[in-house]
Amino acid sequence: MTQTAEPQTSGNKFEKFKAEKDGLAVKSELDRFAAIGWEAMDETDRDHRLKWLGIFFRPVTPGKFMMRLRLPNGIITSNQMQVLGEIVQRYGEDGSADITTRQNLQLRGIRIEDVPDIFRRLKDAGMTSIQSGMDNVRNITGSPVAGLDGDELYDTRELCRQVQDMITNGGEGNPAFTNLPRKFNIAIAGCRDNSVHAEINDIAFIPAYKDGTFGFNVLVGGFFSAKRCEAAIPLNAWVPPSEVVDLCQAILIVYRDRGLRANRQKSRLMWLIDELGLDQFRSAVEKQLDRTLATAAPKDEILWEKRDRIGIYAQKQPGLKYIGLHIPVGRLHAPDMFDLARIADVYGSSEIRLTVEQNAIISNVPESRVETLLQEPLLQRFSTAPAPLTRALVSCTGAQFCNFALIETKNRAVEMIKELEAELSFSKPVRIHWTGCPNSCGQPQVADIGLLGTKVRKNGKTLEGVDIYMGGTVGKDAHLGSCVQKSIPCEDLKPILRQLLIEHFHAQPIPVLMANS
Ligand code: SRM
Ligand code: SF4
């Protein structure tokens, strides 16, 4: 068994409360919390430690918690979706779910008194929310069409599951990795289009052949934070698939034991790499692995532009299609979840895939069933052919539920895109990402146009506004965009976006007569 982190009694308040009591300890206290209710709970247990179980106190909606699951490779069965739909349905208007930018689901409206029962139901359905928040490893992302895509190089599904099982002890909780210095992201790409945004993960595995053998080049240290954003850098290492789990474990142990803990703004993996230097970091990982790492393959296999997978596509299995549905800003309600589950059962193989663009894919649909599937009423809203701006829209949670938010995001994003689409025509999608604060959960730095929430002053008033990012590229040779305009009040944003779309993305104004007809 891998050892746990040495307790730290100095440093910031997070290190202190983690040293006093491990986050995972609250797992055995859930019945007591359910009995006493959220108002009587110890505040550190309620506001922080519960996140080790994936339960997030929401100061914006006190008493109505958010639950973040773990869905390795973003795959969920229809039965699991049905169970999650039933969980949120009991909360009426308060209940909903969001597909996240890590190919995952978050449930809303959860009451603490129901959590023991919800956990039993998750376990019965083969799901877990363990270690999905705070100083833990987040959902392991993989190629969303793994096992379906005729052009894929490696089916990432099993590896994502194995990495998750190593980190979470098969979903039971693993004290070896519950006290990292900070959050941690891992992605595994088996495709040619960098579907996982490898460059923004603390560890990313990207396909690369070495001497004709398939394996992965390894990137490390990518992250976004309010103070600093960095693309991942090459570790100069190549591993075959069979060594991916061990390498993740070794890097996590080095990070856990040597990562910087004094200042939470300087605790992500890249700060340790800076401190040690890449060569010494690599040596520390090799020492932990007890073997030398092969040097990176000279070139990787990410050769394509990123594909959004919305629409109807042939699978590698003859006669089968996968159908990518656009889910506006990832928001689902219980009836949508039941419908998705039913559609996956009736037309597909009872499986739903999620993407980091907050969309869903129904897999294994026989060609002969596609036309009938397209007639389903749900597909009026979850379209296979959305308009170009809608198609590529991503938004973080924002002020509706997130206390870090400086602005409302999801509703505003949808409305503004509709207005712009009524005025402009496009030859191809433009990827617009909204994020409610500098934490950058909505990844504005990977977007064609990124909008990062801020507060601005106008006519003596404080208003919601954005900083505008541009130049983010994804897929092959991905690189991060940067801030091009600061402090635009949201009320003045539309004409500025309109102009950017015309000047940089070849949007054409629709003549007024046509627009109104
Ligand atoms: Fe995030 C914190 C939502 C992806 C960077 N993020 C939060 C919290 C937990 C803050 C809070 O307690 O309220 C947000 C919960 C709001 C809510 O109620 O939903 C939150 N983050 C999200 C999600 C749901 C955005 C979305 O709408 O999809 C994403 C959940 C992913 C998942 O399934 O686990 C989400 N967050 C990201 C990403 C994108 C990614 O991973 O590709 C990033 C940037 C990448 C990175 O982490 O390097 C991201 N979130 C942050 C940060 C800044 C981290 C840092 O090092 O400073 C915070 C704040 C923190 O950790 O202190 C944060
Ligand atoms: Fe909340 Fe900010 Fe993350 Fe949006 S970017 S979910 S507002 S922490």
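Is His-506 buried or exposed? At 57% relative accessibility, His-506 counts as exposed, where exposed means over 50% relative accessible area, buried under 20%, and partly exposed in between, with a 1.4 Å probe and protein chains only.

This is a predicted model, in which local features need pLDDT of at least 70 and side-chain atom pairs count only at pLDDT 80 or more, while totals for chains, interfaces and linings use all residues. Residues are numbered from 1 along each chain as its sequence is written, chains are lettered from A and ligands numbered from 1 in the order in which they are written, and side-chain values use heavy atoms, with hydrogens and water left out.

## Residues in loops

His-506 is found in the loop between helix H15 (493-505) and strand E24 (508-509); helices (H or I, at least four residues) and strands (E, at least two) are DSSP runs, numbered from the N terminus. The phi of His-506 is near 60°, a positive value in a residue other than glycine. Gln-131, in the loop between helix H5 (115-124) and strand E6 (141-142), also has a positive phi, near 55°, but Gln-131 is buried, with a relative accessible area of 0%. Pro-377, which lies in the loop between helix H11 (367-374) and helix H12 (378-381), counts as exposed at 61% relative accessibility. The C-alpha atoms of Pro-377 and Thr-295 are separated by 52 Å, the two residues being 82 residues apart along the chain.

## Strands and a hairpin

Strands of a sheet pair through backbone hydrogen bonds, either parallel or antiparallel. Here, 5 strands form an open sheet in the order E1-E2-E5-E4-E15, with antiparallel pairing, where two strands pair if DSSP finds at least two bridges between them. Strand E1 (55-56) and strand E15 (331-332) are the edge strands, each pairing on one side only. Within this sheet, E2 and E5 run antiparallel and are joined by 4 bridges, and Met-67 has Leu-107 in E5 as its bridge partner.

Another antiparallel pair consists of strand E13 (residues 311-314) and strand E14 (residues 320-325), over 4 bridges, with Ile-312 standing opposite Ile-323 in E14. E13 and E14 form a hairpin with 5 residues between them, and Gly-319 in the turn has a positive phi of about 85°.

The 12 residues of helix H9 (residues 278-289) should span 16 Å at 1.5 Å a residue, and the end C-alpha atoms are 16 Å apart, which agrees; the expected span is 1.5 Å times one less than the number of residues. Phe-281, Arg-282, Ala-284, Val-285, Glu-286 and Leu-289 are buried in H9. The cover over these buried residues includes strand E9 (213-220), strand E12 (233-239), helix H7 (244-258) and helix H8 (269-276), judged by contact, that is, heavy atoms within 4.5 Å. Just after H9, Asp-290 takes a positive phi of about 65°.

Ser-363, in strand E17 (residues 360-366), is buried, with a relative accessible area of 0%. Among the residues that Ser-363 touches, not counting those up to four places away in sequence, are Leu-148, Gln-315, Tyr-322 and Arg-353. The side chains of Ser-363 and Glu-351 are joined by a polar contact of 2.5 Å; a polar contact is a pair of N or O atoms within 3.5 Å, and within protein one must be able to donate a hydrogen and the other to accept it, while residues adjacent in sequence count only if both atoms are side-chain atoms.

## The two ligands

Ligand 1 is surrounded by 31 residues, the closest being Thr-100, Arg-108, Lys-183, Thr-397 and Cys-441, where a residue is near a molecule or strand if one of its heavy atoms lies within 4 Å of it.

| Residue | Residue atom | Distance to an oxygen atom of ligand 1 |
|---|---|---|
| Thr-101 | backbone N or O | 2.8 Å |
| Arg-108 | polar side-chain atom | 2.7 Å |
| Gln-443 | side-chain N or O | 2.9 Å |

The elements that give two or more residues to the shell around ligand 1 are strand E2 (65-68), strand E5 (105-110) and strand E10 (223-224). This shell around ligand 1 divides into 9 nonpolar, 13 polar and 9 charged residues; Ala, Val, Leu, Ile, Met, Phe, Trp, Tyr, Cys and Pro count as nonpolar, Asp, Glu, Lys and Arg as charged, and the others, Gly among them, as polar. The shell around ligand 2 has 6 nonpolar, 6 polar and no charged residues, and the residues around ligand 2 include Cys-396, Cys-402, Cys-437 and Cys-441.
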